[in-house]
Amino acid sequence: MSAMTSHYIWMNGALVEIEPKNSLQFGGWYNVAQVDSPTQFELWTTPTDTRAQGWMVGDTVSSSGGGTVAYYQENYLRWSVVTGAWEYYVCGQRPGESSLKLIGVTKPTGLLNGYTDVAFEDYGSPYMDGQVFPSYVTNAICSGSATNEPLSTWVTSIAGDGVTYTLHDAPSQTVSKKAMVFDDAPGILRALNSVAYFHSDHAESNSYIGGAIYIPPARYPYVINSYLPVPRQVTIWQSGKLTLNETVSLTASDNWFGDWSSQGIPQFGLISGAAVIVNAASPGVYLMGPGNSFRGLDITDLNASGGTLLVADNAAPANFDSVNFLTGAGDSAADYTGMAVILRDTTQTIANYHFNKIAVSTGPDQINDKSWTPSFWVAPPQNYGNTGIEVTMDRTTVNRRGIAWGGGHSGDSSIGGVAGFVSNWSYRQGGIIPYFTCMGCTEYSPLTFNDASQDTEGQPLEAALRINPNSEYLGPRITAHNPTGGAHAPLFGGARPSYADVDGSFNRASAFQNRDILFKTGGLFSFVYAPYATTGNYAGVYGSLYTVGMPMHGVGGYSWWFDLGVPTSVAGTAAVGGSVPAGTWVYTVTAVGADNGETIMSGPSSPVTTSNGTQTVNLTWNASLGAYTYNVWRCNKTNSCISADGSISAGNGPWLRVALHITGTSYSDTSAAPTRYIPPTVTGTGSTIVNGTGAYAPFFQAPPITVSQLPAAAAGNAGQLRRVTDSTTIAAEGQTCAGNGPVAALAFSNGKVWKCF
C-alpha cells in the first residue's frame, strides 16, 4: 500500500498514523517501508490486503479521498554511562532563548540490575514543557559547577539558642546560607528498620521480625524530601497522605497497603485508597527486587505535565491489586510525557506481573496523536536478559493513552518477545493511540484480550510496529474474545498478525482489513450460507467464516470456495414505459455462484432519475468470472443507500430486489413495488467451488508442457490429463500425440498411449 503526503517523511522505518477522511479500512499505525519521493511512501506487510477485500460490505479496495498522516520528529541524544549516576538531567536551548534550560530527566539506573538509560528524545515545546524537578535541581545546573548531594538525616538535639542543631549524620562539608526543608523520610525509615526483617540503612542490627508500620491519618501530607529505601520484608499500612519529592524504593518481599484510607474514586477508577502524591520525585516508586505487593493505593501525579510514577527492575513476581495510577491529575491537556508504570528486566528467567482492578489514567485531552508516550511501558531487555515479560491484567480501565511493549532506544535486542500478555476485561476511554502497541515483538508473541472494550475513539485495539518493516516478519499471535476497536477504527494495525482468532459482534467492515482472521461469529454481518436456497427466498442469516492455515477435514455437504468477484460497472438509463415510481434511484448487482450462494453488492450505479412516462430503467454491467446468474437491486437515493466513502450501505436502504437469477448482463427494470430484502453483507459463494457434489470453476488450466515432457503412458497415469503446447495439427480428435507442432492440445492417457484433443 502506498500513501501520498504534502510533507516529507524522510526515512524508512519512520512511524506514521494514517487517518483517511472516508475509507477507514486504510487507517492505522505503520512503519514506513520505503520512501519513494518527498511526498510518497510505501507500507508493507500490513493488515490491509486489498487482494482480500471485496468480500464484505463496506470494503474499499482503494481510497483517494484524502486524510492526515501524523508523525513526530525528535532530537535524539545518547552518551556514555557515568559510573554511579542515578539519573541524567538534560538541558537545551530552544530557538529564541539566551541560555540553556532544563528540558527533561532520564529514567533511573537500575540499582541492582544495572539497567541504564543513557538516551533522551527531545520533542520540543510544548511536548516537553511543564515538567517538575526537585527543588535543588534548577536551570543553574546547566551551566554551573557540580554540586554535592543533599544531606538527609534527623536532628538529635537543639541547643538553648534555638538555632544550633546536632544531627545524627555529620555533614561532609561546611556550608552556609543553605535551605533546610522538613523531611518525613528519615523518621519513616527508622520506623521501618525497627520492624523489617532486614534493615536498609544506618548499620543497625537486623530485627528479623518482618513486621508492619502504620502511617496514621493527618490533616496535611507526610512529605518525602529525601530518598527513602524501604527495607526488605516489611509491611506498610497507610492511611495518611504521602507527597513524594524524592523516590521511595522497595527492595523485595514488601507489602504496601492503603485499605485504611479513602480519598475518593477517580474518574474511570475502580477503588478508593490511600493517596501517594508523586510531585518532584522521578520515579515516585522504584522496585528493585521480587515479591512486592501493592493494594488500595492512589498513586497520582497532580502536575499538569506528569512524571513517572513507578519503575520496576527485575521485580517479578509482583502484584498490584486495586491501585489507581494517574499522571497529569488524570486528564491534564498538557500531560504529554507522564508515564504510570515501566517494567524492565535483565534476567534469563520468567518475569510475571499481575495487575487486578487497576486504573491507568493520563492526559492529554482527546486529540489523536497529541502524545505518543505510552502510559504503561514494558521496556526492551538489556544485558541480553529475558526478552519476554509476562503481564496479566484483570479488570483494567485506561484513559487516553495505552500500553506499549518493547521499542525505544534503551534495549540491546532488536526483536523482543512477549512471553505472555493476558487482559481479562478492560475498558479504554478517549484513546489517542493504540490500546496495545507491540514494538519489535517476535512473530507469534501471544496476546490475549478477553472482553476488551474501547469507547469514543478511533484507535485500534492492537498495533504491531517494527523499525525494519522490510524484514517480512509478521506481527504477534492474537486471541480476542468479544473485543472492540475504537468507534471507527480497524481492530489491528501495523504488521499483519501472524495469527488472529477473534469472536465478537462487529457491524462494520473496517474492523477487519484482511480475511486472514479466524472470525468465529457473524456479529451483525449477515450473509447467505451456501449451498442453500431450497426455498428460493434468499433470506440473509447470521453466520461465520473460518480461515484455515493447516490440513483440514471438510464435512460432507459444505463448500470450500475462492471468493466470486462482484459485478462491476453497473450503469442505468431511464426509458419510456414501465412502472418504476418517479424518483432518483441507484442500482447494484450481486452475482450467484454454482452452489446458489450470493456475493455482496457491486459498487453502485450513477443515479438514475425516472419521471411520469419514463419509468423503465435499462441496466448493464460487466460479468463476474464464474457467476451463473445475477440478482438486481435498487434503492431510492433519498435514503441512506451509500456510505460517505462511496461503498454500499447494505443495512440501511431500504434495498429492493427487482430481479432474481438473471442469466445475462443486462436487465430492464419496470417494477412498481418490488419486495424489500436485506442484501448479503459477506460473500457466500466462490468463482471456484469444491463441495460434496463436485468441483466448479469458470475454466480449467493445467500446467503447460511439451509432448516430449509427457511421462511414458502406463497404468499408473491412466485417466490423467495434461496440457501440451507443441502438438501437431489435430486432424482427428483422439489422435496419438505428436510434438514439435504449433498447436496447444489436451493430452489424455489411456494407460497405453497419450491421445491429443
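A search of the whole structure finds 26 aromatic pairs, where rings of Phe, Tyr and Trp (its six-membered ring) pair if their centres lie within 6.5 Å, with planes under 30 degrees apart counted as stacked, over 60 as edge-to-face and the rest as tilted. The structure is a predicted model, in which local features need pLDDT of at least 70 and side-chain atom pairs count only at pLDDT 80 or more, while totals for chains, interfaces and linings use all residues. Residues are numbered from 1 along each chain as its sequence is written, and side-chain values use heavy atoms, with hydrogens and water left out.

One of the aromatic pairs is formed by W79 and Y88, edge-to-face, at 5.4 Å centre to centre and with 65° between the planes. W79 is partly exposed at 24% relative accessibility, whereas Y88 is buried at 10%; buried means under 20% relative accessible area, exposed over 50%, and partly exposed in between (1.4 Å probe, protein chains only). The pair of F355 and F376 is also described as edge-to-face, because the ring centres are 5.2 Å apart and the planes stand at 75°. This pair links distant parts of the chain, since F355 belongs to strand β26 (residues 352-361) and F376 to strand β27 (residues 376-378), 21 residues apart. Helices (H or I, at least four residues) and strands (E, at least two) are DSSP runs, numbered from the N terminus. Both F355 and F376 are buried.

Ring pairs also join W29, Y72, Y123, Y127, Y336 and W372 into a cluster. W29 lies in strand β3 (residues 28-31), which is covered on both faces: G28 and Y30 on one side and W29 and N31 on the other are all buried. The bridge partner of W29 is E17. Strand β2 (residues 15-20) pairs with β3 in the antiparallel sense over four bridges; two strands pair if DSSP finds at least two bridges between them. Four bridges also join β2 to β6, again antiparallel, and here E19 stands opposite T68 in β6.

A463 is buried, with a relative accessible area of 0%. Its C-alpha atom is separated by 6.3 Å from that of P434, 29 residues apart along the chain.

The largest nonpolar core has 68 residues, of which W256, F294, F320, F325, Y353, V391 and F449 touch the most other members. Such a core is a set of buried Ala, Val, Leu, Ile, Met, Phe, Trp, Tyr and Cys residues joined through side-chain atoms within 4.5 Å. Helix α1 gives the most to this core, with five residues. Apart from it lies another core, of 17 residues, among them V580, W585, W621 and A659. The buried residues of α1 (residues 185-195) include I188, L189 and L192, and the buried residues of this helix pack against β13 (212-215), β14 (222-224), β15 (228-230), β16 (235-238) and β17 (242-244).

Terms used. Contact means heavy atoms within 4.5 Å.
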